[in-house]
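User: I've just opened this one and want to get my bearings. Can we go through it together?

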Number of protein chains: 2
Amino acid sequence: MDLGATNVRALLTDGSGRIRAQSRRSHRNDGPGPVLNVVVRTIEEALEGSPPPRGTVGLSVAAQVDPARGLVVHAPNLRWRHVPVGARLGARLRRPVRVVNDARAATYAEWALGAGKSSDDLFCLVVGTGVGGSAVVGGRLVDGAYHAAGEVGHLVMAPRGRKCTCPGRGCFEAYVGGWAIARRAREAVRADPSAGRDLIARAGSVARLRAETVFAAARAGDPIARTLTGMTEEYFANGVVSIANAFNPERIVVTGAVVRGWPRLVRAARQAVRARCQPPAARAQVVLGQLGDSAAAIGAALMARAPG
Amino acid sequence: MDLGATNVRALLTDGSGRIRAQSRRSHRNDGPGPVLNVVVRTIEEALEGSPPPRGTVGLSVAAQVDPARGLVVHAPNLRWRHVPVGARLGARLRRPVRVVNDARAATYAEWALGAGKSSDDLFCLVVGTGVGGSAVVGGRLVDGAYHAAGEVGHLVMAPRGRKCTCPGRGCFEAYVGGWAIARRAREAVRADPSAGRDLIARAGSVARLRAETVFAAARAGDPIARTLTGMTEEYFANGVVSIANAFNPERIVVTGAVVRGWPRLVRAARQAVRARCQPPAARAQVVLGQLGDSAAAIGAALMARAPG
């Protein structure tokens with residue numbers, strides 16, 4: 001299962017991670033109780049007509065988690081702190097639940113079954129509303145001292161730069177995360193409403209501008225949207241260059257709703273890695289994830305079966 | 001042994017890495033043949049009066065190396081490419097030589113014997129003429145697909161930023177490496193020669209300005225030098241924040257001639273990590289290396305004894 005800021009996703013997979021049944025619901029982000037009710041309903045829907053599966057349920061969350069305790073330590077987008085999701089959901093489902101970070105789960109899935117298959121030195125960068133990531137180094141998924149290794153969303157990309165949702169400034173996420181693209185677009189159309197007419201019309205209002213609005217307008221040739229996507233490509237490329245230099249992976253899998261919404265990001269990153277990285281880092285292949293928005297849920301299922 | 005852009009260092013260590021004898025020489029960076037002659041002379045000096053040691057010689061080089069083949073693939077500051085240092089030096093010394101990257105060697109030494117002792121999730125950042133680094137993750141020194149993991153000198157810190165010695169722009173090293181501090185100082189005094197009077201007088205000429213000149217002038221209160229060190233602290237702190245967020249280490253050991261020359265960098269980084277990192281990354285302890293400029297040579301000796 002995958003629990004995000006607005007959606008819940010349930011997959012039933014077989015032993016090799018293939019999807020046998022699935023279901024999806026939105027939730028209103030109104031606290032752990034109501035959201036976990038939606039999680040239970042979604043899993044019941046996905047299982048309808050199937051014999052009850054055995055084994056551990058894997059749940060990925062867009063959060064800092066403590067996997068050993070099944071604890072969501074901090075989920076900025078859900079606004080949860082210290083929620084024992086594993087225990088609460090386990091009691092409802094009457095089976096063990098393994099809670100994992102969503103970027104780590106997506107990395108695990110792309111490594112096992114997707115665009116990272118057969119590589120032992122891999123970085124997976126996930127750009128959706130926020131920016132997450134995780135590294136496989138020498139055939140092991142990297143954890144970090146406090147389960148947060150690979151959080152490249154908070155690489156500092158500009159001195160005294162844009163305010164992030166974290167305590168920092170100038171973070172990668174504050175330029176390329178979905179929320180940041182939307183915020184940059186709102187600022188741009190407020191600064192020049194006549195140039196922003198098309199964007200505002202597409203969204204309905206300035207407040208309802210989203211990253212997808214920008215991508216749709218840019219595809220239609222809107223100049224202000226093209227400027228925004230062009231700058232996003234540049235920042236994205238800088239971030240991927242940093243990842244290639246710092247982690248020296250064989251392959252960099254890029255995925256997430258923003259990457260799928262504006263696929264030129266992949267090409268921009270690939271060119272930048274070749275042209276601007278140090279020689280050993282320039283060899284990294286930049287590839288699009290193969291599992292789409294199912295990656296985290298599939299990874300959670302696989303990690304629930306994995307030892308350790 | 002440690003081979004840098006201007007100096008060669010030889011240490012004789014016992015089984016636990018303690019220094020029994022040592023010697024140091026400068027070289028003129030006039031190609032592999034003459035430089036390896038200096039290396040051989042330095043080792044002979046260090047061994048004078050000692051019984052000939054057994055085992056493998058460890059040699060750290062400020063270079064991208066292929067440790068399995070004993071090859072210096074690319075040493076930007078030595079201007080060497082594809083030099084089989086292990087074989088050439090091994091033939092001269094009549095014993096096996098293990099060639100390792102200097103930042104990895106320093107990391108290994110600080111981890112085994114210094115400021116990183118007893119930590120299994122460690123990052124060691126080395127800021128000298130250039131910027132290098134290496135990570136210990138889950139009790140293993142990280143290698144990367146092409147032996148260059150941890151090269152955080154080429155994290156992109158500013159969009160369209162300063163030109164680096166690598167093909168990139170805006171790299172961490174292009175702000176805080178010793179060469180970059182010197183270059184920034186030369187630009188500043190050229191832009192305002194009257195404000196730069198004290199700096200120029202200390203160095204003898206603009207061309208001879210070095211990072212150490214800047215630190216000495218800043219200690220004496222020179223305003224332009226204080227501005228330069230203040231900006232260096234800010235960039236350094238941004239880089240350490242990025243490392244803490246991306247690698248999530250328990251401890252970050254900072255070392256190298258620039259850090260020792262301007263120790264306020266340690267405090268600036270420590271404060272920034274606490275104030276500006278994500279919560280799990282903000283727990284990283286920032287500490288000064290304990291082995292000084294012997295770290296790389298000690299690490300090379302230890303790695304020569306280590307299996308694998």
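User: How many residue pairs are in polar contact between chain A and chain B?
Analyst: The count is 20 residue pairs, both residues at pLDDT 80 or more. Keep in mind that this is a predicted model.

User: Which helices of chain A supply at least two residues each to the side that touches chain B?
Analyst: α8 (223–247), α10 (264–276) and α11 (279–282) of chain A.

User: And which one gives the most?
Analyst: α8(A), with eight residues.

User: How do the residues on that side of chain A divide into nonpolar, polar and charged?
Analyst: There are 23 nonpolar residues, 13 polar and nine charged.

User: Charged ones, then. How many salt bridges cross the interface of chain A and chain B?
Analyst: Two, by the rule used here. Arg160(A) forms a salt bridge with Glu234(B). Their closest N and O atoms are 2.5 Å apart.

User: Zooming out, how many residues are in contact?
Analyst: 45 residues of chain A touch 45 residues of chain B.

User: What area do the two chains bury between them?
Analyst: About 3800 Å². Carbon and sulfur atoms carry 55% of that.

User: Why say the copies meet through the same surface?
Analyst: Because 100% of the interface residues of chain A are also interface residues in chain B.

Methods: Residues numbered from 1 in each chain as written. Chains lettered and ligands numbered in written order. Predicted model: local features only at pLDDT ≥ 70, side-chain atom pairs only at ≥ 80, totals over all residues. Heavy atoms only, no water. Contact = heavy atoms within 4.5 Å. Buried area = accessible area lost by both parts, 1.4 Å probe. Salt bridge = Lys/Arg side-chain N within 4 Å of Asp/Glu carboxyl O. Polar contact = N/O pair within 3.5 Å; in protein donor to acceptor, adjacent residues only side chain to side chain. Helix = DSSP H or I, 4+ residues; strand = E, 2+ residues; numbered from the N terminus. Nonpolar A, V, L, I, M, F, W, Y, C, P; charged D, E, K, R; others polar.
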